[in-house]
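Morning, everyone. Let me put the structure up, and then we go through the contacts one by one.

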Amino acid sequence: MQGKAPTRMKTTFSTMCTNEDYEEHEVNFMRKINFAQAINETLCQLIDKNNHVFLIGQGVTSPWYVGSTTVGLIQRFGSKRVIDTPTSENAVTGVALGAALARMHPILCFPRMDFMYYAMDQIANHIANWHYMFGGQLNTPVTLWAIINRGGEQAAQHSQAIQAIFTHIPGLKVVAPSTPYDAKGLLVTCVEEDNPVVYIDDRWLYQYEGEVPEELYSVPIGKGVVRHKGEDVTVVATSYMVHEAIKAAEQLEKEKIKTEVVDLRSLKPLDENLLLTSVKKTGRLVIADGGWKTCGITAEISARIAENDIFKSIKAPIIRVSLPDTPAPASSSLEKVYYPNAKKIMLAVKRVLEM
Amino acid sequence: MVQAIWARGKDSTLKMKQPLSSSISPELLLKMYVTMVKIRKFEERVADLVISKEIVTPTHLYIGEEAVATGVCSTLKKQDYVFSTHRSHGHYLAKGGDLKALMAELYCKKTGCSRGKGGSMHVASPEMGLPGSSAIVGGTIPIAVGAALAFSMQNSDAISAAFFGDGAAHEGVFYESLNFASLKKLPVIFVCENNLYCTHLSVVDTLADTNIYKKAEAFAMPGVRIDGNDISEVYETAKRAVENARQSRGPTLIEAMTYRWRGHVGPYDDLDKGLRSKEELDCWMQRCPVRKLEKHLLKQGATSQLEINQIHKTISEEIEKAVEFARESPYPDENDLLHDVHK
């Protein structure tokens, strides 16, 4: 299921930061690396540069458990700063919080989002509430590195994309990079934050290549970016679905349909300005997210439009492209239908144009 | 029933010493006495204020358990972290937290130790080494382990202590935390305040094996059961555990047998609800940790009745000042509602 980044991504990197980047810029960087390499490099640089940063979680010393994202780290930094753990998700998450309260910044790895359910008490009751509960006196800078690893007939407990659950919880910020550039920049920002941030990382992105500066830089939380310009329909996408949306936009272009692809990059806080600006322009909206439909990210984005004045000028109903409200199946014949893709986005775009 | 055996002091694993004997210096004992009286009088005053409905936030009173927090915290330095529970007031005061700010928090005022956003179950005194308390049973146990991990990474000689009740021994996170702390030889001590009840249920109705201290053995760490109403035994045991932790010899589980005089929550003793017997409560009240230490101090000539009266008077005045402070303090402003979600 992994593929190369669309050509357009490489040449017009309408990427970085701030709303000014609503306009595309030609950016030429020195080198290209893939998404997994970007994470690996960033982890290495962050741990190297900051004494208070360390990596903890299941599989972080494994050559395969988290793809190639942690390769070489244990050899370089040793077991004191790259801590592979027992499968005690809840306790280890509490450990990360305790370390954060003692002036450290743990990057806590969950090799699959499914396993985070075990840690929900420490994430939702403790980490997310701690700052508010004590009147803002105590900070809990923990980066919760949440990996989506689906496909391959892994079925219902190894395939989940539960980003929406975290966006529901006050106190947590949630980011979801889709490019190697943002994978690096947003991870840096997570570590610069004095807040807990859930960093959503979809392994279907790992082979995508893109230009990434060698030095550390940050991408602001709460700022989306337009990946493909168009006037007819807006497709708001998250994480891996951004690439499917771009593929769809490129196909649709051949049929003279001009699709604007908005990559949210942050799921909470949402870049409402960017979203509204694009929808105001096109008057039509398709939302593509790799999570479930009901009360999911797509539902929240729909509500933001519905609550806003621009709702009056919308030309067609909103269409959501997401997972059906069904657990992940094992059989690849069912997986093919289960996971949303460029084709489903294309059909959705055509439907909103007909409405 | 097991708790009845404990109540009569006949359990062979629980040697309730009576009277107290101690090699601790009279000065330190007197200092700990002051702390215990402060906790006792504070909690009694809070009980009155809950009855008169001045305090609304759910309060879990520490009356009867004062020796545990006091004995353990007396072995700690300011730099050491203590993590507390829903029954938080004793730990807060024993670690040196400001009494006025605690009272104001119980009134949920802006001047409270958590700015009126935590209430009784969420108190913190970061400057004194209490970075929070949780109302989720067992919730702070792994957090204490994490602080210990940080201290070891920082090559600091600070340690951390997790207080929790017998109910935490029902939680998976307790066992996960013991395992991780022992595996990594972290500078943490686990202090189980076994007051024989988890909310309304007795330990015998909830634990297949009520010897909580023995759980330590499964994680290759020392576990010890002590008389939690004996300040000397608490102090000496905690001191050894803290020393081990500081010298990187790993964690210890201390099970301090004690008893809460009031119900799980609120000011009443719950006898009318049939949750426990009057005989049992009377028996534990006769083993009052504060009276026991007071008798010892008088007998040893470490203090006089006159000085004790003065201590009580001074503390009562301090508490009244705190009540006055809390009453006069402003509530959080409406604008504060949305603040402090993030840094």
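Start inside chain A. Domain 1 of chain A and domain 2 of chain A bury about 2300 Å² between them, and carbon and sulfur atoms give 57% of that. Buried area here is the accessible area, with a 1.4 Å probe, that two parts lose on being put together, summed over both.

Some housekeeping. This is a predicted model, where local features need pLDDT of at least 70 and side-chain atom pairs count only at pLDDT 80 or more, while totals for chains, interfaces and linings use all residues. Residues are numbered from 1 along each chain as its sequence is written, chains are lettered from A and ligands numbered from 1 in the order in which they are written, and side-chain values use heavy atoms, with hydrogens and water left out.

Back to the domains. Domain 1 covers 31-212 of chain A and domain 2 covers 225-354; the bounds come from an automatic or database domain assignment. Their centres, taken over C-alpha atoms, are 26 Å apart. In contact (heavy atoms within 4.5 Å) are 32 residues of domain 1 of chain A and 27 of domain 2 of chain A.

How many salt bridges cross the interface of domain 1 and domain 2 of chain A? The rule finds two. The term means a side-chain nitrogen of Lys or Arg within 4 Å of a carboxyl oxygen of Asp or Glu. A:Arg227 and A:Asp182 form a salt bridge through their side chains, at 2.7 Å from N to O.

Now chain against chain. Chain B puts 43 residues in contact with 41 of chain A. About 3300 Å² is buried between chain B and chain A, 65% of it on carbon and sulfur atoms. B:Met153, B:His342 and B:Lys343 supply 19% of the area that chain B buries against chain A, more than any other three residues.

The rule finds one salt bridge across the interface of chain B and chain A. B:Lys343 pairs with A:Asp194 in a salt bridge, with the closest N and O atoms 3.4 Å apart.

Last stop, B:Ser120. Is B:Ser120 buried or exposed? B:Ser120 is buried, at 0% relative accessible area. Buried means under 20%, exposed over 50%, partly exposed in between, with a 1.4 Å probe and protein chains only. Residues that B:Ser120 touches include B:His60, B:His86 and B:Leu106, leaving out residues up to four places away in sequence.
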